[in-house]
Amino acid sequence: MIKLRKTATIPTDQGQLQINVTSATNRFPIENATISISDSFEPDQTLEEVTTNSSGQSPQLTLAAPPLDYSLEAGSPRPYTEYTLRVTAPDFEPVLVTGTEVLPGVLAVQPIQMRPLDLGPSPSD
């Protein structure tokens, strides 16, 4: 589930996105996860590539969004832009998220949980 926070400093034709990456097994943050962001209509064309910090968070990214007026008028085009996220990290299964919504003038926070790879038996087994 995406969380939205209104921020006063974002232009009305842009929105912000922050991605929080954690382990699915213990919810610990995953440092140095690589996140590739693309428009959902052109998923093979990377717009941004960022890395998570020690808290498992990406930087706050400013991305294109439709004009704010689209959300105020009935019958207007959709009032958000959809992005595709590809997340990789050592020792974790890759994650693909489609349909992350970025609305104008707000910060969207996208949580992502990654599953550890099955590394097989430990050397002591």
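Which residue forms a salt bridge with aspartate 44, and how far apart are the closest N and O atoms? The partner is arginine 86, with the closest N and O atoms 3.9 Å apart. A salt bridge here is a side-chain nitrogen of Lys or Arg within 4 Å of a carboxyl oxygen of Asp or Glu.

This is a predicted model, in which local features need pLDDT of at least 70 and side-chain atom pairs count only at pLDDT 80 or more, while totals for chains, interfaces and linings use all residues. Residues are numbered from 1 along each chain as its sequence is written, and side-chain values use heavy atoms, with hydrogens and water left out.

**Fold and surface**

The chain has 8 strands and 0 helices, giving the pattern β-β-β-β-β-β-β-β along the sequence. Helices (H or I, at least four residues) and strands (E, at least two) are DSSP runs, numbered from the N terminus. Of the 125 residues, 35% count as buried; buried means under 20% relative accessible area, exposed over 50%, and partly exposed in between (1.4 Å probe, protein chains only). The chain exposes about 7,500 Å², of which carbon and sulfur atoms supply 50%. These areas come from the Shrake-Rupley method with a 1.4 Å probe; for residues, only the protein chains shown count as cover.

**Salt bridges**

The structure holds 2 salt bridges. Aspartate 44 lies in the loop between β3 (34-39) and β4 (46-51) and arginine 86 in strand β6 (residues 81-88), so this pair ties together parts 42 residues apart in sequence. The other pair is arginine 115 and glutamate 93, at 3.8 Å from N to O. Arginine 115 sits in the segment after β8 (106-114) and glutamate 93 in the loop between β6 and β7 (95-102), 22 residues apart.

| Residue | Relative accessibility | Class |
|---|---|---|
| Aspartate 44 | 72% | exposed |
| Arginine 86 | 33% | partly exposed |
| Arginine 115 | 54% | exposed |
| Glutamate 93 | 29% | partly exposed |

**Core and contacts**

A nonpolar core is a set of buried Ala, Val, Leu, Ile, Met, Phe, Trp, Tyr and Cys residues joined through side-chain atoms within 4.5 Å. The largest has 22 residues, and those with the most contacts inside it are Ile19, Val21, Ile37, Val87, Ile112 and Met114. Two or more residues of this core come from each of β2 (14-23), β3, β5 (61-64), β6, β7 and β8.

Contact means heavy atoms within 4.5 Å. Beyond its neighbours within four places in sequence, isoleucine 19 is in contact with Ile35, Gly56, Gln57, Ser58, Leu61, Leu85, Gln110 and Ile112. Among contacts in the chain between residues at least 6 apart in sequence, 61% join residues at least 24 apart.
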